[in-house]
Amino acid sequence: MEDTGVTIRLAGAEAVDGLEPLWLSMHRHHREVAPELAMYPDERSWQLRRDLYRQWITEPGSFVLLAEDGAELVGYAFVHVFAGPDDTWVSGDRIAELESLSVAASHRGRGVGTLLLDAVDDRLAELGIGDLYIGTLAANVGAQRVYEKRGLRPLMIKYARLAASPPRD
């Protein structure tokens with residue numbers, strides 16, 4: 001991969017409030033990928049996600065990775081680490097879930113997501129965590145291809161009936 005000029009650094013709770021623009025960029029992308037789903041307005045979506053980030057980051061091992069192009073924040077990965085083992089799948093005593101991976105629209109397709117995913121893998125190896133869950137919208141086939149190229153595979157399919165979203169024909 002060519003040098004993107006982007007650096008990745010580890011962060012914690014102090015970084016949460018600065019993630020808003022990139023969360024909203026991802027939220028808007030989700031609206032484009034799945035326009036049939038009723039989604040919260042930006043302000044409410046960020047408020048809910050920020051509260052979750054603040055809760056998750058306090059759990060031991062959870063972390064945020066920031067992708068910066070100079071002084072500009074151009075992406076992040078938020079990883080929530082929680083106690084294992086899983087009740088069904090053979091897993092370790094700690095499990096990680098990539099809760100969010102966002103890259104600014106201006107930097108998509110330039111390898112920033114791959115850099116973040118590589119850094120997630122490196123950090124999890126440092127923490128001795130081998131189990132990683134990643135969720136994605138069913139309609140986001142691009143993200144699914146990226147994850148599958150990295151050796152992840154679909155584990156479960158989550159079905160939902162969302163009262164605010166009309167059923168498909």
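Strand β1, residues 6-11, pairs with strand β2 in the antiparallel sense over six bridges; two strands count as paired if DSSP finds at least two bridges between them. Strands (E, at least two residues) and helices (H or I, at least four) are DSSP runs, numbered from the N terminus. Within this pairing, Ala11 stands opposite Val64 in β2.

This is a predicted model, in which local features need pLDDT of at least 70 and side-chain atom pairs count only at pLDDT 80 or more, while totals for chains, interfaces and linings use all residues. Residues are numbered from 1 along each chain as its sequence is written, and side-chain values use heavy atoms, with hydrogens and water left out.

On its other pairing, β2 meets strand β3, residues 72-83, in the antiparallel sense over seven bridges, with Phe63 opposite Val79. The two strands form a hairpin with two residues between them, and Gly70 in the turn has a positive phi of about 65°. Six of the seven residues of β2, residues 63-69, are buried, so β2 is largely enclosed by the rest of the structure. Buried means under 20% relative accessible area, exposed over 50%, and partly exposed in between, with a 1.4 Å probe and protein chains only.

I turn now to the rings. The structure holds seven aromatic pairs, defined by ring centres within 6.5 Å, using the six-membered ring of Trp; planes under 30 degrees apart are stacked, over 60 edge-to-face, and the rest tilted. Trp23 and Tyr53 pair edge-to-face, 6.4 Å centre to centre with 85° between the planes. Trp23 lies in helix α1 and Tyr53 in helix α2, so the pair ties together parts 30 residues apart in sequence. Both residues are buried.
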